[in-house]
Amino acid sequence: MIKLVVFDHDMTIVDSSYAIMAGFNYVADHEGLPRVSHEKTMQYIAAPIPTYCEGLLGEYRPEWIKLYRSQADRLERELIKPFDDTVPTLTALREMGIKLAVLSNRERPSLALERTGLDKYFDVIVGAHEPFGKLPYKPDPAMMNALMQHLGVTPSETVYVGDADLDIITAIGAKVRGIGITKGNFTHEDFALLGAWKSIDNLNELIEIVRRDAD
């Protein structure tokens, strides 16, 4: 029986693609490079930042990361928005008595969640530097293991929802059920090959999955 639903952050419960695009276009404008499109940005969703640079700007330069990060906070405040089905799904799951958490490779995802007002829906928000100290990044299962221990739930009672391969690999490593969501750059077929328990197109599909698991 599912007692805990854990969510990745970017491109799972919020659309961060426009903030990412704007950040790299800031770098492109500063360096006199061609601007990048949203379609092109989506091709690299969930990739490491150096890969973003190579794919969107043609090469990787460490100084470009500093330029990007100099604007990231402002752009996230302006452009990151919850998906339309995020709040209704979180509300329904909470009403069902399900514990909710976020697990992200962001160092302090609570800051981003506070900006969108989503922080109030979660029992615990876990990042690489919070709230359990510095832990290895996904796909290492350390953050997931610390989260389950903190909430007193077992792997069989936990599912992890994410948009990328790292999320499914993390779930498998922690022996929890992984659910892929196709709002990023991975398809149902991709998730099946990765070993996901299920894959969905929209967050509201989780409501029925949790109900069925309780029967």
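1. Starting with helix α5 (residues 86-95): T86, T89, L90, A92 and L93 are buried there. Buried here means under 20% relative accessible area, with over 50% for exposed and partly exposed in between (1.4 Å probe, protein chains only). Seen down the axis of α5, the buried residues fall within an arc of 165°, so they line one face of the helix. That arc is taken from the directions from the helix axis to the C-beta atoms. Helices (H or I, at least four residues) and strands (E, at least two) are DSSP runs, numbered from the N terminus.

2. A word on the model before going on. It is predicted, so to speak of local features takes a pLDDT of at least 70 and side-chain atom pairs count only at pLDDT 80 or more, while totals for chains, interfaces and linings use all residues. Residues are numbered from 1 along each chain as its sequence is written, and side-chain values use heavy atoms, with hydrogens and water left out.

3. What do the buried residues of α5 pack against? Their partners are β1, β3 (81-82), β4 (99-103) and α10 (205-214), with contact meaning heavy atoms within 4.5 Å. Just after α5, G97 has a positive phi of about 85°.

4. Now the core. The largest nonpolar core has 26 residues, and V5, F7, I13, L100, L118, F122 and V161 touch the most other members. Such a core is a set of buried Ala, Val, Leu, Ile, Met, Phe, Trp, Tyr and Cys residues joined through side-chain atoms within 4.5 Å. Two or more residues each come from β1, α5, β4, β6 (158-162), β7 (177-181) and α10. The largest share, 3 residues, is from α10.

5. I13 deserves a look: it sits in the loop between β1 (4-7) and β2 (14-15), and counts as buried because its relative accessibility is 0%. Not counting residues up to four places away in sequence, I13 touches residues including F7, P82, T86, L118 and F122. I13 and L118 are 105 residues apart in sequence, yet 9.1 Å apart in space, C-alpha to C-alpha.

6. V5, leaving aside neighbours within four places in sequence, is in contact with I98, K99, L100, A101, V159, V161 and V210.

7. Last, E130, in the loop between β5 (124-126) and α7 (142-151). E130 is buried but has no salt bridge, meaning a side-chain nitrogen of Lys or Arg within 4 Å of a carboxyl oxygen of Asp or Glu. The nearest side chain of opposite charge, R108, is 5.0 Å away. A polar atom of the E130 side chain does lie 2.8 Å from the backbone nitrogen of S110.

Conventions. Lys, Arg positive; Asp, Glu negative; His and termini not counted. Polar contact = N/O pair within 3.5 Å; in protein donor to acceptor, adjacent residues only side chain to side chain.
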